[in-house]
Every structure is written in C-alpha cells, then in structure tokens.
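Please have a look at the picture first.

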Amino acid sequence: MIKYTSTRGSKSKKTAAQAVIKGIAEDKGLYVPDNIPALPFNPADMVGKPYKEIAKAIIASFFTDYTDAELQACVDGAYDSKFEAEDIAPLIKVGDVHILELYHGKTAAFKDMALSILPYLLTTAMKKEKEDKKIAILTATSGDTGKAALEGFSDVNGTEIIVFYPSIGVSEVQKRQMTTQEGANTHVFGIEGNFDDAQTGVKKIFSDEAFNEKLNSRGIRLSSANSINIGRLIPQVAYYVYAYIKLIEHDIIKNGDKINITVPTGNFGNILAAYYAGKMGVPVNKFICASNKNKVLTDFINTGTYDTKREFHITNSPSMDILISSNLERLLYHLCGGDGSEISGLMESLEKNKNYTVSDTVKTGMNDFAAGFANEQETLFAIASMYNDHNYLMDTHTAVAYKVYEDYRKETGDKTPTVIASTASAYKFAASVADALGMPSEANGFAYVRALNAKTGVPVPSGLKDLDKKEIRHSDVIKKDDLMKAVDETLS
Ligand SMILES: *Cc1c(COP(=O)(O)O)cnc(C)c1O
C-alpha cells in the first residue's frame with residue numbers, strides 16, 4: 001500500500017484518496033508517495049494498447065487504495081470523445097524529434113490530461129472517505145490550468161470551483177476561455193498581479209487555520225486543482241510511459257533503450273511526472289528542462305542556487321511565466337532522501353531570503369537533468385523554422401522546448417531519441433504564432449485564430465471556435481491581497 005507523506009516532514013501519512021481531497025498538507029508541504037512503484041508491466045507487452053489501459057495501470061500503481069472498478073470508471077469518464085485525437089496523446093515524428101501532443105482535450109492545453117480525470121478521482125475519494133462537506137477547489141492559473149479546471153469541475157455535484165488568473169499576461173484566447181465559462185458552480189477572478197501572486201495567495205488561504213475553520217462551519221472544505229495536488233501529478237506520469245511504448249511500436253527504439261524527455265516548464269509539474277516515469281523504470285538519459293526568459297530553473301539546475309530575486313517578465317509563453325516553481329519541492333525531497341526538515345529549511349529560506357542553495361547530494365542527484373532557456377525572439381524563430389522546414393505548427397511553449405533541445409543537442413552531440421512534450425495548441429497563442437510566421441496584424445486574438453487557420457489549414461480545436469461570440473459571465477478583477485475576501489464572499 002503506497003501512502004502519501006508531506007515534503008516538509010509532518011509525520012501523518014495519508015492514503016491517496018485523503019491526499020487528493022486535502023490537496024496540500026497541513027505543514028504547507030506537498031504530498032509525495034512514500035515509494036515510487038515499479039512499472040506494472042513490461043513496456044514491450046503494452047505495444048498497441050490504448051491510452052486508457054496504460055493510464056489506468058499507471059495510476060493504479062500509485063493510488064493503491066482505489067479499487068480497479070473505481071479507476072476504470074475514472075479513466076472511462078476522463079479519456080473519451082472529449083479528446084479530439086482518437087489516441088488521446090499522439091506521438092508525431094517531426095524531423096529528428098518525437099512530439100508528444102498533449103493538447104487534444106477540451107481546453108487545448110496539456111492540463112486537460114490530468115484535469116479531465118481529477119474530478120473523477122476527487123469525487124471517488126469523497127465517497128471512499130465518506131466526506132460530507134462540499135469541496136471548494138481553489139486554483140491559481142498562469143492561463144491554462146484555470147480553464148481546464150473549470151471545464152473539469154463545471155457542474156460536478158458537491159463542488160465549487162474558484163479560479164484566479166493574472167489579468168495581465170494571459171493571452172486573449174486564454175482569458176476569453178475563462179471569462180465565458182458556464183456552470184453554476186464556476187467562479188473566475190482576474191487579479192492585479194502575476195501567477196506567483198495568485199499561487200502565493202491561494203497557498204496562504206490553504207494554511208490559514210481560522211479561515212478554514214470558518215469555512216468548515218459552513219460545511220465547506222478547500223482543495224486544490226493545481227499541480228500541488230497529487231491527483232494532478234500522477235495521471236501525467238501515464239503519458240510518458242505511453243510515449244515510450246509508442247517509440248517501441250514505431251520501431252524507433254528497442255525495449256530498454258534510453259530516451260530523452262524535453263519539457264517546457266513552469267511550475268515543474270509536467271517534468272516531475274516525467275521524472276516519476278523514469279523512477280518507475282522508463283529508461284531516461286536526460287530530463288531536459290526548458291524555460292523562457294523567466295529562467296530561474298535554468299539557473300538553479302546549472303548552479304544549485306534557486307534565486308527569485310530577479311525581474312519578472314511577461315513573455316509570449318505566458319503559461320511558463322513563473323518564478324516560484326512549486327513542484328520542485330517534490331524533486332528536492334526525493335533527491336535528499338526524504339528529509340522533511342531539510343526541505344522545510346530550504347522553503348523557509350525561500351520565503352525569508354527569496355533564495356536557497358541545495359546540498360551537494362541534491363546537486364549530484366540533479367545530474368539527470370539538463371536545462372536551458374529561449375528568449376521571445378528565439379521562440380518565434382523556432383516556430384517559423386519548424387513550420388517552414390517541416391510544415392508542423394507549434395505553439396510558443398512547445399517552441400521554447402524545441403529551441404532548448406536543439407541547443408542541448410548542438411552542445412552535447414547527444415543523439416538519444418528525444419520526446420518533446422507539446423503542451424498547447426498553437427491557436428491558444430495565435431497572435432504570437434501568426435507573428436512568428438510573418439503574418440499581418442489582426443484586430444484581436446480571435447481574428448488571429450481565423451487567419452492562422454486560413455493560412456495553415458490546421459483544424460481549430462472546437463473549444464476555441466467562436467469564443468468571441470460567447471457571453472462573458474465572469475468579469476471581476478480584484479487586488480492581489482483580496483483573494484481571501486473573494487473566496488469568503490463566493491462561498492457565503
Ligand atoms: C502549465 C503549462 C506549462 C508548464 O507546465 P508545468 O507543469 O507548470 O511545468 C507549459 N506549457 C503550457 C502550455 C502550460 O499550460
């Protein structure tokens with residue numbers, strides 16, 4: 001039985017169901033599995049198997065307190081015709097790389113891979129734990145999590161969903177996706193601040209005991225749909241295992257061969273899922289962590305010092321405009337051998353001094369990672385060259401990863417077959433992508449979607465069609481210190 005412990009050392013262990021309900025531990029740490037299970041199958045034996053079957057087996061390995069029937073219902077509910085690709089996460093060979101398209105869900109970003117199943121995992125957990133309170137999901141978003149969480153939880157019984165997004169920074173398409181969200185239990189607020197402000201504000205609410213008690217007395221309990229929730233992270237492990245099986249199927253590798261995995265990274269959830277896949281037994285040579293101009297992770301991986309004392313940039317890959325990468329805490333916990341007090345110390349230093357430096361042991365453990373960044377010009381150039389050379393359309397985030405991988409390969413000469421996680425449809429960032437392709441200016445983000453479609457012929461995801469014709473249902477913008485007040489009023 002796998003139990004979940006806090007990265008900050010509090011002794012109480014939780015089942016997966018309990019950890020999914022709680023979202024974040026009472027000592028502000030993140031839940032991690034007390035051991036990482038081995039792959040439940042030999043990858044070679046899974047060739048040709050559908051995504052759902054692989055996902056179910058991977059999640060079952062971690063969530064040992066869920067029954068087979070429960071998990072079957074979860075994956076059946078999640079990975080169905082909502083996805084516009086029949087194989088859910090297609091792996092496409094483009095030039096020398098293998099692009100894992102994770103954006104064919106309802107909201108056209110990879111967040112759907114986990115957020116289409118999280119509501120099922122959570123409502124199942126509530127039944128298992130006989131939870132009688134209403135669950136209010138608080139979500140900070142840099143642009144994509146918010147919409148995916150809203151879609152996932154819209155009108156799910158026993159839940160309310162509240163999303164905070166940075167009012168400046170998200171793309172016009174991203175913003176409109178959220179402000180037009182339907183569902184009686186959905187609540188959306190812009191904040192006058194950036195993603196870090198939103199995430200810090202939400203974490204503060206989670207750890208405010210008095211406020212949580214006040215909500216409890218109203219029959220409400222808070223949880224999280226951010227990747228701090230282990231129910232977000234574990235479903236993401238599945239697609240890396242799936243990609244490995246596809247590489248065998250496509251005759252690119254033999255079972256047992258190593259691969260590289262490149263991930264455009266913000267909050268470190270997606271690449272941590274890749275790391276978990278590696279720990280389960282997927283043979284990985286390097287995890288390549290790609291950042292935009294907010295390159296706090298590049299610097300950290302190269303030096304061992306995490307330093308947020310720097311300027312925050314709004315870039316053309318806004319979903320990665322983050323300086324405080326929450327899930328890194330989980331990696332550090334694993335690398336230091338599960339020493340909660342060491343992690344508490346680092347996180348205290350981050351809060352007080354805005355930086356920390358890890359021990360040599362942790363630094364050595366990070367040798368499995370390589371890191372680099374791309375600035376905005378390089379990102380646009382990568383989109384153009386990929387389109388011109390291979391007639392393949394990438395969004396800005398995927399382009400950051402592609403550029404960083406190209407640099408890595410030039411520097412190292414490493415020819416290991418490489419999977420690049422493609423995290424969003426180009427249409428979510430249509431204005432930047434059109435700019436990259438040298439197209440003329442349009443009046444707004446929606447006109448860019450139409451123009452890009454006319455030029456490339458790549459189908460527009462159905463969730464992004466006619467967004468500008470939908471009714472705006474959420475227009476509140478609040479100050480970054482008013483998150484708690486907004487939650488209080490929304491849940492009154
Ligand atoms: C969220 C997001 C990322 C960053 O993923 P993390 O798991 O936060 O590192 C990258 N690209 C896109 C398009 C995203 O929405």
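Predicted model: local features only at pLDDT ≥ 70, side-chain atom pairs only at ≥ 80, totals over all residues.

Let me begin with T7 and E329, whose side chains are joined by a polar contact of 2.7 Å, a polar contact being a pair of N or O atoms within 3.5 Å where, within protein, one must be able to donate a hydrogen and the other to accept it, and where residues adjacent in sequence count only if both atoms are side-chain atoms. Residues are numbered from 1 along each chain as its sequence is written, and side-chain values use heavy atoms, with hydrogens and water left out.

T7 lies in the loop between β1 (4-6) and α1 (16-22), and this residue is buried, with a relative accessible area of 0%, where buried means under 20% with a 1.4 Å probe and protein chains only. Leaving aside neighbours within four places in sequence, T7 is in contact (heavy atoms within 4.5 Å) with residues including G29, L30, R330 and Y333.

Turning to the ligand, which residues come nearest? Of the 15 around it, they are K111, D144, G266, N267 and N270. An oxygen atom of the ligand is 2.4 Å from a side-chain N or O atom of D144, and a polar side-chain atom of K111 lies 2.6 Å from a ligand oxygen atom. For N267, a backbone N or O atom lies 2.7 Å from an oxygen atom of the ligand.

Key: Near = heavy atom within 4 Å. Helix = DSSP H or I, 4+ residues; strand = E, 2+ residues; numbered from the N terminus. Buried < 20%, exposed > 50% of the residue type's maximum accessible area, 1.4 Å probe, protein only.
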